[in-house]
Amino acid sequence: MPPRRQPLQRLPAAPRPTHFLALPLHNHSTLRTRVANFQRSLFDGEGKPLVRGLDRTIIIDPRRLHLTLGVMALERVEDALALLQSLQPQLRALLAEQHTAVKVKLEKLDVLKTERRTGADGVEEIDAHVLYLGVPERVADDEETLRLKRVCDVVHQAFKKAGHITETRPLKLHCTILNTSHRRPRRREAFSYSDILKTVTAASSFGTYDVERVELWEMGSRGPNNEYISCGGINLG
């Protein structure tokens, strides 16, 4: 009689994220206005989308803009806040006495979770699920962006070492302004990045902004103005 097969064991599901570390950008009115104007430019005068796959449910409210430094499933928020507080002397040393903030230069449009397709004219087109504003990639001659990335890396690595952040991919600083994960009714459908690039260039600059704090925000939360709810944080200066 052949041996009985052992039933396959299912891996435990990953815990649902509860919080994330953020560099707040939503408090800059100039950025909110620039992002809102850009988002409106993706629709015609009658409110119809000029981009295939676009609808208003995937637009990120400018009052929720930020850079993410790490996503976590926390059991005790106070442990994360204590760790963040413990990093303050190191971060202040990185910034030196003359700096009380990091400068975030939002100098490009780019996409994540891309798909490539051939259009009706035979030309390859790019679809995507996330559109974001990005910081400069090359920082050799850009002391401000180098300082920003060093500060972010210290925070990210400390929370990873403590086991709070389990993501293994390198940290990528980006400010999301379209995200199809919010699409309603829920379905997986990308938008056309190629259509967006017909109206703007990838090198579009949205400005430079001072960020003075690192905060712990509650995932999916909404404050009175639709902003994320902060559980606390630290000043960089």
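A residue is called exposed when its relative accessible area is over 50%, and buried when that value is under 20%. Keep that in mind for these close-ups, which all come from a predicted model.

**View 1. The two sides of helix H3.**
H3 covers residues 88–95, and its buried residues are Gln88, Leu91 and Leu95. They span an arc of only 65° around the axis, so they sit on the same side of H3. A handy rule for helices: an α-helix has 3.6 residues a turn, so residues three or four places apart point the same way. What do the buried residues of H3 pack against? Their partners are helix H2 (77–86), strand S3 (102–106), H4 and strand S10 (230–235).

**View 2. Helix H3 meets helix H4.**
H4 takes in residues 143–161, and its axis comes within 10 Å of the H3 axis, with the two crossing at roughly 165°. Angles over 145 degrees count as roughly antiparallel, so that is the label for H3 and H4. The crossing itself is right-handed. On the H3 side, the contact is made by Gln90, Leu91, Leu94 and Leu95; on the H4 side, Arg147, Arg150, Val151, Val154 and Val155 take part. Sorted by class, that contact has six nonpolar residues, one polar and two charged.

**View 3. Helix H2 meets helix H4.**
Here the H2 and H4 axes also come within 10 Å, and they cross at roughly 135°. That angle makes H2 oblique to H4. This crossing is right-handed. H2 brings Ala80, Leu83 and Leu84 to the meeting, while H4 brings Val155, Ala158 and Phe159. The class count for this contact is six nonpolar, no polar and no charged residues.

**View 4. A cis peptide bond at Pro185.**
Which residues does the cis peptide bond join? The pair is Arg184 and Pro185, with omega at about -5°. Look for Pro185 in the loop between strand S6 (174–179) and strand S7 (191–192).

Lys113 isn't a glycine, yet its phi is positive, about 55°. You'll spot Lys113 in strand S4, residues 108–118. Is Lys113 buried or exposed? Its relative accessibility is 58%, so Lys113 counts as exposed. Asn226, another residue other than glycine, has a positive phi near 75°. Asn226 lies in the loop between strand S9 (213–218) and S10.

Conventions: Residues numbered from 1 in each chain as written. Predicted model: local features only at pLDDT ≥ 70, side-chain atom pairs only at ≥ 80, totals over all residues. Heavy atoms only, no water. Axes fitted to C-alpha atoms, helices over the stretch in contact; angles between N-to-C directions. Helix = DSSP H or I, 4+ residues; strand = E, 2+ residues; numbered from the N terminus. Parallel < 35°, antiparallel > 145°, perpendicular 65-115°, else oblique. Left-handed = near helix turned anticlockwise from the far one by under 90°. Contact = heavy atoms within 4.5 Å. Nonpolar A, V, L, I, M, F, W, Y, C, P; charged D, E, K, R; others polar. Buried < 20%, exposed > 50% of the residue type's maximum accessible area, 1.4 Å probe, protein only. Arc of directions from axis to C-beta.
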